[in-house]
There are 2 protein chains.
Amino acid sequence: MIRKLIDGIKKTGAPIVVGLDPMLKFVPEYIRQEAFSEFGETLEGAAEAVWRYNKGLVDAICELVPAVKPQIAMYEQFGVPGVAAFQKTVNYCKEKGLTVIGDIKRGDIGSTSEAYAVGHLGSVQVGSKVCTGFGEDFATVNPYLGSDGVKPFLKVCMEEKKGIFVLVKTSNPSSGELQDRLTEGKPVYELVGEQVAAWAEECMPQEGGYSYVGAVVGATYPEQGRILRKIMPKSFILVPGYGAQGGKGADLVHFFNEDGLGAVINSSRGIIAAYQQEQYAEYGQRGYADAARAAVIAMREDIARALQDR
Amino acid sequence: MIRKLIDGIKKTGAPIVVGLDPMLKFVPEYIRQEAFSEFGETLEGAAEAVWRYNKGLVDAICELVPAVKPQIAMYEQFGVPGVAAFQKTVNYCKEKGLTVIGDIKRGDIGSTSEAYAVGHLGSVQVGSKVCTGFGEDFATVNPYLGSDGVKPFLKVCMEEKKGIFVLVKTSNPSSGELQDRLTEGKPVYELVGEQVAAWAEECMPQEGGYSYVGAVVGATYPEQGRILRKIMPKSFILVPGYGAQGGKGADLVHFFNEDGLGAVINSSRGIIAAYQQEQYAEYGQRGYADAARAAVIAMREDIARALQDR
């Protein structure tokens with residue numbers, strides 16, 4: 001799937017992943033009303049609203065970007081119907097040729113991480129049959145439990161040619177409370193970055209290039225991004241925090257390798273709720289998908305400019 | 001819910017939580033066959049098998065223990081039908097008066113953690129209605145992202161009188177790779193333990209006693225348990241790793257406070273798959289629930305003996 005991601009980036013010229021994180025307040029009123037009138041103001045109604053909203057977004061952006069990243073929390077908030085909407089979204093995005101990064105941030109002890117790996121990236125044996133659960137292409141993984149929480153994912157990645165992004169330095173303000181702590185003279189994020197580099201070496205596609213194992217490093221920490229880029233040369237970096245969280249194009253250049261690859265930048269509300277911003281207000285709620293399209297194009301240009309200027 | 005948990009421990013004399021982590025290989029053959037014959041060898045069939053197995057277990061142990069801890073990974077491996085079986089299990093356990101600890105190990109940046117908190121412990125606004133998602137009583141939370149990943153859970157805990165257990169020192173062999181690293185002279189788990197103690201102070205029930213905020217510390221690390229017990233005096237400690245992972249009754253005493261409370265010990269496969277152990281083989285697969293019952297009683301006695309001898 002790292003091949004599919006890279007091919008997609010080259011084809012679209014956009015190292016961009018659109019975060020499908022549908023808070024209900026982002027969903028245009030008319031879509032909410034349609035869904036509620038059919039399914040009631042229920043979890044099912046909310047899940048249906050989210051799904052319709054996503055479908056419109058995906059139709060509008062699928063030719064422009066290589067990948068999407070649905071954040072499963074935004075679906076879990078609506079219980080089982082929400083999780084079903086996550087599944088529909090994953091399936092639809094794959095049908096449209098998009099690479100799907102499940103932002104699930106799972107991580108547990110060995111046998112439990114194996115269940116997550118199998119459920120999200122692999123397949124599970126049921127009697128004599130092999131069944132597929134959520135079926136994302138990539139998943140995000142939390143490293144707090146150490147390597148036995150990550151290794152089951154590596155195994156599935158090798159078997160299925162799927163990929164993971166391990167949390168290294170997250171984009172949020174308090175990420176430093178733990179991740180920046182110095183241990184033996186270096187911050188925790190460097191330590192985890194070194195682990196990622198080792199896992200990346202273990203999980204290379206046959207044809208070489210970039211590993212199945214990537215990392216998450218927030219756009220809000222460009223200096224750390226520069227250091228981590230060097231520590232993990234074979235890993236793609238998934239970079240959240242652009243746009244709404246404050247990251248700008250110029251902050252991103254150090255996340256890329258010299259080959260112009262190695263990073264994929266996420267924007268969520270900056271794209272999916274663009275129509276709620278002053279800049280794109282002219283689109284109105286019925287033009288929410290076109291507003292998202294315009295925001296993707298602006299983001300692509302912002303990144304291209306920054307990369308040209310470096 | 002901390003009140004409900006403590007009352008349950010006192011009533012049963014068992015500071016025990018049964019881990020409902022149903023791998024298919026634990027489910028008796030006859031239950032699998034029944035489910036597959038109705039639903040096929042499909043995700044739905046697997047989910048149905050798991051649900052029937054759980055129901056039998058819950059019926060057998062609900063008078064003996066205060067709490068259960070379904071591990072959501074074991075359900076997610078079967079996709080959306082699996083997650084629906086998780087929900088049914090949560091609902092059924094609550095009906096039976098058990099405290100339900102959702103072992104979900106979630107944790108993300110602020111607004112995303114809020115979605116998890118709301119989806120698992122709280123309720124969500126849908127139009128003019130308030131809806132409840134998964135509705136566990138407690139959830140486990142991963143601290144890698146720092147306090148802004150935890151605070152949304154604290155808010156929901158205060159509003160709903162629910163609780164969390166923050167991962168501090170996990171039971172798995174590689175937990176030390178990150179958690180034992182020395183930072184400013186102390187290991188990461190102590191640092192996180194101090195954060196938990198501070199969050200615990202912020203989230204006290206009106207009547208005092210134990211906080212809504214607890215911690216996870218593995219039975220496999222009794223020495224660290226002793227230290228963390230002192231660092232987090234007002235937190236309940238959820239202790240996994242008893243039994244199958246190698247923890248023994250004598251290892252557990254330091255996890256408890258002088259009042260005999262403050263810890264709840266989890267056992268998963270040691271109870272739910274007891275019938276597969278030599279010791280309980282006489283029960284056979286059709287006696288799996290009775291074997292689980294016998295294993296709970298043995299565990300209760302092991303812990304009581306250890307606490308008496310301390």
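Predicted model: local features only at pLDDT ≥ 70, side-chain atom pairs only at ≥ 80, totals over all residues.
User: On to the interface. How many residues are in contact?

Analyst: On the side of chain A there are 71 residues in contact with 71 residues of chain B. The copies meet through the same surface, because 100% of the interface residues of chain A are also interface residues in chain B.

User: And how much area do chain A and chain B bury between them?

Analyst: The two chains bury about 5500 Å² between them, and 58% of this area is on carbon and sulfur atoms.

User: What about charges: how many salt bridges are there between chain A and chain B?

Analyst: The count is 8 salt bridges. One of them joins the side chains of A:Asp108 and B:Lys105, with a distance of 2.9 Å from N to O.

User: Which part of chain A gives the largest share of the side that touches chain B?

Analyst: Helix α6 of chain A, residues 110-120, gives the largest share, with 7 residues. Sorted by class, the side of chain A that touches chain B has 32 nonpolar, 27 polar and 12 charged residues.

User: Let us turn to B:His120. Where is its place?

Analyst: B:His120 is in helix α6 of chain B, which covers residues 110-120.

User: Is B:His120 buried or exposed?

Analyst: B:His120 counts as buried, because its relative accessibility is 0% and the cut-off for buried is under 20%.

User: So what is B:His120 in contact with?

Analyst: Leaving aside neighbours within four places in sequence, B:His120 is in contact with A:Glu76 of the other chain, and with B:Ile72, B:Ile104, B:Arg106, B:Phe134, B:Gly135 and B:Glu136.

User: What does the side chain of B:His120 do with the side chain of A:Glu76?

Analyst: The two side chains make a polar contact at 2.5 Å.

User: Finally, how far apart are B:His120 and B:Thr99?

Analyst: B:His120 and B:Thr99 are 21 residues apart in sequence, and their C-alpha atoms are 14 Å apart in space.

How values were computed: Residues numbered from 1 in each chain as written. Chains lettered and ligands numbered in written order. Heavy atoms only, no water. Contact = heavy atoms within 4.5 Å. Buried area = accessible area lost by both parts, 1.4 Å probe. Salt bridge = Lys/Arg side-chain N within 4 Å of Asp/Glu carboxyl O. Helix = DSSP H or I, 4+ residues; strand = E, 2+ residues; numbered from the N terminus. Nonpolar A, V, L, I, M, F, W, Y, C, P; charged D, E, K, R; others polar. Buried < 20%, exposed > 50% of the residue type's maximum accessible area, 1.4 Å probe, protein only. Polar contact = N/O pair within 3.5 Å; in protein donor to acceptor, adjacent residues only side chain to side chain.
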